[in-house]
Amino acid sequence: MLKDKNDFEEMFQLSKINDEPNPAHRAKLRWQMLSAFNKAGRETLQSQIIRQNIRRKIMKSPITKLAAAAVLIVAVIIGAHQLTPSTATNEKTGSPDPIGTPDDKPASNMAPVDIKLPMPVQVGTLEDHRVPNLEKKSDKPRPPFLAPVGTKNVALGKPVSSSDEEPIIGELEMITDSDKETADGSYVELGPFAQHVMIDLEALHNIYAVVVWHYHKQPRAYFDVVVQVADDPDFITNVRTIFNNDIDNSAGLGVGKDKHYGETYEGKLIDAKGLQARYIRLHSAGSTSNDMNHYIEVEVYGKPAAPPEKLVPLDIKLPEFSPCYGLLPGRAGQPRKRSATTSEHMVLKTQGRAKRLGLSFALFV
Ligand SMILES: [Ca+2]
Ligand SMILES: [Ca+2]
């Protein structure tokens, strides 16, 4: 960057340039400038070098002082603001970052979860103005969900119970049978209003994601969708909520901040962040279509939790218990500190003698 206008003036004074206008020279200068800029763009030269190159080329060309000054100003401005290397560089290594590579690269032990999707059959979009806080439907496929290698659907075939043990349509075991299609024999219809289903993973698991398909044949949104995990089937111990769109707490499980969403063939993926639990409950209270509650499939992606380490008593070797009394050498007049004992009175006389002999007396065990 040129520091002040004196630089300009001094530079031009020293330059022996012809200030007669010449169209041919102007055209040549234009070509040289474009060439310099193109070259700078390709090679990502440092802005200072570019400015010097341009200035040298200009100074070789006979042109008016005004034109040269204007070109220099433009070059300086562009050089400072646009021709500086635009490639992002790594602050630590100084090398360019690859395009599109996020900083938070997945750890090597993470892999995309393989979620088998059913056939998309839905037609139309959910346009129900009764649904507040409705999530905007994405027109792109869901991005891969990363979880530790070995994560799989641990809910497959696991027992399902429900607040409605006798569904109106279907059987509860259909919720974990891996069939996610929308055929008449593929969904379960529970009673109206607030209902829930519960899956017992039969052991403690690290849960990374829960994917739920209520009913994706039509565009609809279910109300009061709350998903919780717990350590016990009564949901008393260590209850944690991983999804809640009950914005008015009508289900009594707390005010939810998650959005209502339209059912799709991709199901609703809920990030469980590796929480440890054995039981999962999914609540709902009817949908935009009717008061009934439906489930086609629930998948729980996780891994068995490592068994807790057994606690064993420490084997501490103790010295034999053999109380005895004796004399310990020490400096005269500074008997070793000791706790008062009932035996103390028995040795006072001895201590007195020991002191006179240059020894201190201590009780030790
Ligand atoms: Ca099913
Ligand atoms: Ca509600």
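1. Residues 37-51 need caution. pLDDT, the predictor's confidence in each residue from 0 to 100, stays under 50 over this stretch. The model has 15 contacts there beyond four places in sequence. Two residues are in contact if their C-beta atoms, placed from the backbone, lie within 7 Å. Residues 360-365 also stay under 50 in pLDDT, with 27 contacts beyond four places in sequence.

2. Basis of these remarks. This is a predicted model: local features need pLDDT of at least 70, side-chain atom pairs count only at pLDDT 80 or more, and totals for chains, interfaces and linings use all residues. Residues are numbered from 1 along each chain as its sequence is written, while chains are lettered from A and ligands numbered from 1 in the order in which they are written.

3. Overall confidence and make-up. The mean pLDDT of the protein is 77. A value of 70 or more is reached by 59% of its residues. The protein has five helices and 13 strands. Both are DSSP runs numbered from the N terminus: helices are H or I with at least four residues, strands E with at least two. Of the 365 residues, 26% count as buried. Buried means 20 or more other C-beta atoms within 10 Å of the residue's own; exposed means 12 or fewer; partly exposed lies in between; C-beta atoms are placed from the backbone. Among contacts between residues at least 6 apart in sequence, 74% join residues at least 24 apart.

4. The largest nonpolar core. Such a core is a set of buried Ala, Val, Leu, Ile, Met, Phe, Trp, Tyr and Cys residues joined through C-beta atoms within 7 Å. This one has 43 residues, and Ile199, Ala209, Val210, Ile280, Val298 and Val300 touch the most other members. Two or more residues each come from strands S5 (188-192), S6 (194-213), S7 (226-230), S9 (268-285) and S11 (297-304). S6 gives the most, with 11 residues.

5. Val210. Leaving aside neighbours within four places in sequence, Val210 is in contact with Val227, Ile242, Ile270, Ala272, Ile280, Val298 and Val300.

6. Strand S11. Six of its eight residues are buried. S11 pairs with S6 in the antiparallel sense over eight bridges. Two strands pair if DSSP finds at least two bridges between them.

7. Lys268. This lysine lies in strand S9. Lys268 counts as buried because it has 22 C-beta neighbours inside 10 Å. Beyond four places in sequence, its contacts are Val211, Val212 and Tyr261. Arg142 is 126 residues away from Lys268 in sequence, yet their C-alpha atoms are 9.9 Å apart.

8. Two backbone angles to check. Most residues other than glycine have a negative phi. Glu202, in strand S6, has a positive phi of about 65°. Glu202 has 12 other C-beta atoms within 10 Å, so it is exposed. Lys273, in strand S9, has a positive phi of about 55°. With 11 C-beta neighbours inside 10 Å, Lys273 is exposed too.
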